Amino acid sequence: MTLVILTTDALLFLLVIGIISFGIYAARREHLRAPWRHVVRSSIAVAALIICSSYLIIGLLDSIHLRTSPTATQVVSVFDLWCDSLRTRDEKTYSAPFATHALAKETVMQADGTVMRVYPRLQYGGAHLIDPVHDRNSDILRTALLGMIQGLFAWTLVVLAVIQLFAWHSRQPFNTALTAVWRGDTDIPWRTAFITCAALFIVGFISAELSQHYHILGTDKVGGDVFYQSLKGIRTGLVIGTLTTLVMLPAAIVLGIMAGYFRGWVDDVIQYLYTTLSSIPGVLLIAAAILMLQTYMTNHAEDFNSLVERADLRLLFLCLILGITSWTGLCRLLRGETLKLRQADYVQAALSLGVRHSTILSRHILPNVLPLVMITLVLDFSGLVLAEAVLSYVNIGVDPTMHSWGNMINSARLELAREPIVWWSLTAAFLFMFILVLAANLFADVVRDAFDPRMSNRR
Amino acid sequence: MTAYLIRRIWQALPILIGVNVLTFMLFFVLNSPDDMARMQLGDKRVTQTAIDNWKAEHGYHLPLLYNASASGIETVTDTIFFQKSAKLFVFDFGLSDSGRDIGYDISQRLWPSFAIAAPSLVIGLMVNISLALLIVLFRATVIDLMSVAVLVVLLSISGLFYIIAGQFVMGKLLHLVPISGYDTGLNAIKFLVLPILIGVVAGIGSGVRLYRTFFLEEIERDYVRTARAKGVHEWVVLFRHVFRNALIPILTGVVAILPLLFMGALLTESFFGIPGLGSYTLDAINRQDFAIVRSMVFLGAVLYIVGLILTDISYTIADPRIRLANS
């Protein structure tokens, strides 16, 4: 078993390391720490953060890729190995959530040689039941209950451990800490955090238990498990939502600050650059770029070792091109902010003392525009996740072989017109996307309010 | 005013040249016309003669920038850059890769796009402003909090969901309107109702939330406090003072996107089978018709710049303190 590092994997982990080291950096600086302290004291932000983290964990697990044997062409992720049963148990075609029989009738040869049109049993969904018609509901209930108990048990362990840590940290007896958390009078809203965790644990364990025996969100046209596909879509959504901002960040920061600081012809050139780019409708620029990439890839097919690598490169390219269409907004913001900062007394003082430009930029300007950068990173995330779905729907998004919510919606676009209707693929994709986007939006709202100087006098 | 307009159009020229050069690079330099031909012909083992034929048919056989075999002015004009890119400046779009006149197609498809986008914008604006005012009326109460929560939920829903769900419920379950299609004249109305409705509903989340902040910003101003101190009724404060002043950022924001209404809505049009520019673009993307995509990129850039100029003008009309000469 060998580790395979795809480009987006590396960048994603680089981003995580970056965020952690930035957290350590910010924790020692009051002007950066104060807004974040405000953020973690909001119960909405904490709940949203926990939900986002659960997505992030799945996404990161899905970003460690392995080659199971040296000769195998297939590359799987740790997440794939973890839910191997979901990945491999494909049915023949459509089946409803929790179904034990296929959705459509099939012609089956009976033992006595007669031919009948019946709904055939699924190969895996509810295969352990002897009499599915009678046993199914009670079996689902029993399994769900088992999952819930497991979830609650795990949750209790986690909660007790956290409260113990909290008690040590604040030098209180365990019982006092427990009461404080129970009543909700802690600085960080631990109670909300625990309730959110409880919901996540219960839902997680129940679906884990149930998906051992059923396709809890049904199967798609080629019999693939929809629940598995939705979970796989998480990584694509996260990569698009975060890496896009990451790849555009250097250009936006450098150019924005330079335009605002040096003014004159530098400003003119940079302004011209971003006005030109932003005047092209974003979708069309993406479409043109992806068309070009496709042309390149068809003509240079031999450059790519595997399908996964090719899909990964396309994903990275999509991030890049989305970044090109979206850096102009941040660049404009940073230019304006730098123009303002340049007039600040301490910058003027540094200039007249003969401090070098590079020192002023890195010492005085850059740290002061960081909050703006952070807000943009958080605010852009949800929009990008939604954009991925639209672009993939229009066929100019991620590679068709890649699991993503946009591709799920794209391939399920005609299923509502079927008889009987197939609603689960669409519903699952929209639901997974909605929860992530909602959590990100709620979190972004709190972050923006915390950094907004106009809000600070209202508190 | 005229002098200002002329100067702005003069300033827009380098941007359009930039867009043009960028698309030229993207379409002809990063990929050679040979690549394009191979892609269009579909087969990896096409012969060089087939490629040359395709290129000659579509005018891609010329050299990129400088035609050494021609004489006089034709060394510059008989090139791909001049024929395919520079001619866009006089809105001569040429023929699409499937041989149709792009200019004619665009002029035909402009109006269906506009027939959807304009009513969606106007109705959406009215709905969003009314709702935002209503929420502001109940500001700092539970109703305000709940409404904001609902708005965040609404704007977290994918636009695709609104379209798919709307089409399913209204068209398939209730059979109120036809699911897709288009007709000429007044008959088109029954095809337009649903896309417009969906456009309005999908915009409520972000629109109302934005306008609410505009209103709230205005409501904290000194003149509003003065009006209240004088004993002016809350309704009068809200409608005469707050509403009229908050309308300025709302309307100037709308002016910027007015020209882009002609570009059409990519998703809505393709879902509802409306022959507008949005579905035209989308079809071109899916058929990999580079000529159309190139034309639409240029058209979009032109309309965007028109929007920028209109915004500047509307600022001076809305707020006489801003002078055109200074901006």
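In this predicted model, the area buried between chain B and chain A (the accessible area, with a 1.4 Å probe, that two parts lose on being put together, summed over both) is about 3,900 Å², with carbon and sulfur atoms giving 74% of that area. The contact, defined by heavy atoms within 4.5 Å, draws 45 residues from chain B and 48 residues from chain A. One salt bridge is counted between chain B and chain A, a term that requires a side-chain nitrogen of Lys or Arg within 4 Å of a carboxyl oxygen of Asp or Glu; it joins the side chains of B:Arg209 and A:Asp445 at 2.7 Å, N to O.

Local features in this model need pLDDT of at least 70, and side-chain atom pairs count only at pLDDT 80 or more, whereas totals for chains, interfaces and linings use all residues. Residues are numbered from 1 along each chain as its sequence is written, and side-chain values use heavy atoms, with hydrogens and water left out.

Within chain A, an automatic or database domain assignment gives domain 1 (80–211) and domain 2 (232–458), whose C-alpha centres lie 35 Å apart. Six residues of domain 1 of chain A and seven residues of domain 2 of chain A take part in the contact between them. The area buried between these two domains of chain A is about 580 Å², of which 68% comes from carbon and sulfur atoms; on the side of domain 1, A:Tyr94, A:Pro97 and A:Leu103 lose the most area to domain 2, together 74% of what that side buries. One salt bridge is found across this domain interface, and A:Lys232 forms a salt bridge with A:Asp80, with 3.0 Å between the closest N and O atoms.

Technical notes
Chains are lettered from A and ligands numbered from 1 in the order in which they are written.
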